[in-house]
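Dear colleague,

Please find below the structure that I am handing over to you. My notes on it follow, and I would ask you to read them with the model open beside you.

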Amino acid sequence: MSYASDRKMENLIMLQMLPGLEKKPPQGKHLKRVKELQDKRVHELMLRAYDIPFYRKRFEQTGTTPADYQTAEDLYKFPVLTKEQLRDWMDQELEGNPEKYKHWHVNPTSGSTGIPLRTLFSPRENAAVHANWLRVLMMGGFIPGVHKNLHRPNSLHTVTGGKKTLVQKAVDLRWKEMSDSIKNRVPSQQLLKEINDYKPYFLYTHKNVLVRVAKYAKEHNIPLHQPKLYAPISEMLDHQSEQLLLEMFGPGLLNAYGLSEVGSCATRLPGSKEFIVNSDTHVINIYDDEWKPSDSGMAVVTPLFKTDLPIINYETRDRMVSYQKEGIRFITTLLGRMNDVIRHKDGSVTEWGNIEIVVNYSTNLDIVQSRFIQESYELIRIQLVKDPASQLSNQEIEERYTEKFAPVLNNEFRFEYEWMDEIPADPNGKLRMIVCKVK
């Protein structure tokens, strides 16, 4: 295997992989075929992992061998991989074998805990990440090279990422970068004009960027181009934001769930109420609070295409509610990150999912964006962006928020409200819904 050659041929490898990926929602007899493919790839992945010292120790720890892993469900036998364990392993690999990995991609995360994570992807693995993402778009009706795409600059936001070759240009011809980026944030009115001028079939960027453009268009009564397909990425989509996006950008909302460490692994197509797991490329298993297999709890993800340096049973810290049909998982609810919590004096926590439920089912709150900042065990500061069409005063909305959220938080907190035209994104370009300053 030559990583140098693969790196040069990465775009072609991606195009070769794309036809073999599933592009229709699994149903009927199709379910059985996808399940058989998923299980086959699980076994092949574990055969590969057995030859890697990091994973051999985990096999020995559980007293299992690759023969014990024939299905996606068998992965429950294998240890869960935490972000800290993955970080330490990747750092050791990168620092101990710099020559081996000089042609690999190093995919950094922003490190919400304050410590960045570098994930290594071989050229073939990286090609698979991009082929998988392009497949997600095609599930929504996007045709590469035919339909126009407008996106925020990032290596993942082109068909194959990075500098375009002649091969890529043939596919990537109608993809255009927005002027906004993490290092160069531009006014909402400029982005709105770019969208209206280019009129993309597909639009995607950070959720908070789409929200602020939608709010600006609504506030100033400016017509906004409605793409056939658009995707808010990099952040969990909350109910308030979703309603504003549907109102202003139209019904073509594609919600793609994933992490930079494992790629895009579940997709909610426009008009659907549930997520389809990309089961030919990923396994999502779910654990309850006692670390037993469940259909509700924390999601643990295994990307089946990552075979050069596998990531097996990765702890996402995101909670989900799901069901299974003939062994294929469907996700009905994303409840958010386990570390996005409000902490109480007695040691208990209230997760974002509990707060979001109130947001989802409370009417007449007239808010398009909010963030909860826990300053202490007594005080929560709530940042709010008002719906431009609201007829309520700020005081009326504050009273309704206090009435709705105080009981959810056991009536332990007083609330201070901060009214904003726009809630600024964090330095990494994302916007967390809960910021807890209590350790």
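**The open sheet and its helices**

His206 stands opposite Ile233 in strand S6. Strands here are DSSP runs of E with at least two residues, helices are runs of H or I with at least four, and both are numbered from the N terminus. Two strands count as paired if DSSP finds at least two bridges between them. Strand S5 (residues 202-206) pairs with S6 in the parallel sense, over five bridges. Helix H9 (residues 207-219) packs on the sheet and touches S5 and S6, and its direction makes about 110 degrees with that of S5. Contact means heavy atoms within 4.5 Å; axes are lines fitted to C-alpha atoms, for helices over the stretch in contact, with angles from 0 to 180 degrees between N-to-C directions.

This is a predicted model, in which local features need pLDDT of at least 70 and side-chain atom pairs count only at pLDDT 80 or more, while totals for chains, interfaces and linings use all residues. Residues are numbered from 1 along each chain as its sequence is written, and side-chain values use heavy atoms, leaving out hydrogens and water.

The open sheet has four strands in the order S4-S3-S5-S6, with parallel pairing. Strand S4 (175-177) and strand S6 (229-233) are at the edges with a single partner strand each, so one side of each has no neighbour in the sheet.

Which residues of helix H8 (residues 188-198) are buried? They are Ser188, Leu191, Leu192, Glu194, Ile195, Asn196 and Tyr198, where buried means under 20% relative accessible area, exposed over 50% and partly exposed in between (1.4 Å probe, protein chains only). Their cover includes S4, S5 and H9. Just after H8, Lys199 takes a positive phi of about 50 degrees.

**An enclosed strand**

Eight of the eight residues of strand S16 (residues 367-374) are buried, so S16 is largely enclosed by the rest of the structure. S16 pairs with strand S17 (residues 379-386) in the antiparallel sense over seven bridges, and a hairpin of four residues joins S16 to S17. Arg371 stands opposite Gln383 in S17. With strand S19 (residues 434-436), S16 pairs in the parallel sense over three bridges; there, Gln374 has Cys436 as its bridge partner.

**Two loop residues**

Glu326 has a positive phi of about 55 degrees although it is not a glycine. Glu326 lies in the loop between strand S12 (314-325) and strand S13 (328-337), and is exposed at 52% relative accessibility.

Yours sincerely
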